[in-house]
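The sequence and structure are shown below.

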Amino acid sequence: MLDPEHVVTNGPEPAYCPRCGLKHMRRPDWLCPRCGMPVETDVPQGTTRVAAAPERFPIGPRVAGGLMVAAGLALAWGFGENPTAEHRWALLAGAAALVVLGTAALVALPAARWAAGVAGAIAAVVVSEDLVRARLPDLFRDLLPAVLRAPLRDLLGDLGLLASTSLVAFAAGAVLLVVARPGRVRIAVGVALSLPAIAVAVLRVLAG
Ligand SMILES: [Zn+2]
């Protein structure tokens, strides 16, 4: 049986001297030809390293993009079925923004990640603020300037508690999906949070 310690290797074998750093072909006596110290056959790989793979666009924002497109289309569909004179332009603008942002996220434009994250955060603040304000009118000061708030209010104003709550969840889900690099759990939670808003939008159309 072969003892691995004493297997004789024939032919040249790369060697490295840990003392003087000389790379050479190992001599039979295992000594460095320059400084005479024992050498090793584990030659360090030097400075050539495999270049890091380019960062891939994470999957979370793509999922968020798909959900946003679905929500935008549901909004637009609802508008087509039941055009309300009051909030026509705000609704259409919201639907268009969702579809555009969602498409950008889907085709992996990095800027869309941040735009979607910021839009989701703002929407979450506005809607949740409205939910609380309706019950505790004196507690809140306005977080957003009126220029931003008025059109958002128009968009969200008469949606009702269920729709508003699901919109908060949708916005929170979008933020979860877009920020940083979500793993499987965060993607699952983000999708679960986002789906009720789409379902509500569709149900409102079906309910007429
Ligand atoms: Zn040496």
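How many helices and strands does the secondary structure of the protein chain come to? In this predicted model, the chain contains 6 helices and 2 strands. Along the sequence these elements follow the pattern β-β-α-α-α-α-α-α. The protein chain has 208 residues, of which 26% are buried. Of the contacts between residues at least 6 apart in sequence, 61% join residues at least 24 apart.

**The nonpolar core**

The largest nonpolar core comprises 27 residues, and those with the most contacts inside it are Ala 64, Met 68, Ala 71, Phe 170 and Ala 174. Two or more residues are contributed to this core by each of α1 (59–81), α2 (88–106), α5 (160–178) and α6. The largest share, 11 residues, comes from α5.

Phe 170 belongs to helix α5. Is Phe 170 buried or exposed? Phe 170 counts as buried because 28 C-beta neighbours lie inside 10 Å, and 20 or more are required for that class. Apart from neighbours within four places in sequence, Phe 170 is in contact with Ala 71, Leu 193, Ser 194 and Ala 197. One of these, Leu 193, is 23 residues away along the chain, yet the C-alpha atoms of Phe 170 and Leu 193 are separated by 5.6 Å.

Ala 105 lies in helix α2. Ala 105 is buried because 30 other C-beta atoms are found within 10 Å. In sequence, Ala 105 and Arg 62 are 43 residues apart, whereas their C-alpha atoms are 5.5 Å apart in space.

Val 191 is placed in helix α6, which spans residues 184–207.

**Residues in loops**

Cys 17 is located in the loop between β1 (14–16) and β2. Cys 17 counts as partly exposed because 19 C-beta neighbours lie inside 10 Å. Which residues are in contact with Cys 17, leaving aside its neighbours within four places in sequence? They are Leu 22, Cys 32, Arg 34, Cys 35, Met 37 and Val 39.

Trp 30 is found in the loop between β2 (23–25) and α1. With 12 C-beta neighbours inside 10 Å, Trp 30 counts as exposed. Most residues other than glycine have a negative phi. Trp 30, although not a glycine, has a positive phi of about 60°.

**Selected C-alpha separations**

| Residue pair | Separation in sequence | C-alpha to C-alpha distance |
|---|---|---|
| Ala 105 and Arg 62 | 43 residues | 5.5 Å |
| Phe 170 and Leu 193 | 23 residues | 5.6 Å |
| Cys 17 and Arg 34 | 17 residues | 9.0 Å |
| Val 191 and Leu 176 | 15 residues | 9.1 Å |

Among the tabulated partners, Leu 193 is in contact with Phe 170, and Arg 34 is in contact with Cys 17.

How values were computed. Residues are numbered from 1 along each chain as its sequence is written. This is a predicted model: local features need pLDDT of at least 70, side-chain atom pairs count only at pLDDT 80 or more; totals for chains, interfaces and linings use all residues. Helices (H or I, at least four residues) and strands (E, at least two) are DSSP runs, numbered from the N terminus. A nonpolar core is a set of buried Ala, Val, Leu, Ile, Met, Phe, Trp, Tyr and Cys residues joined through C-beta atoms within 7 Å. Two residues are in contact if their C-beta atoms, placed from the backbone, lie within 7 Å.
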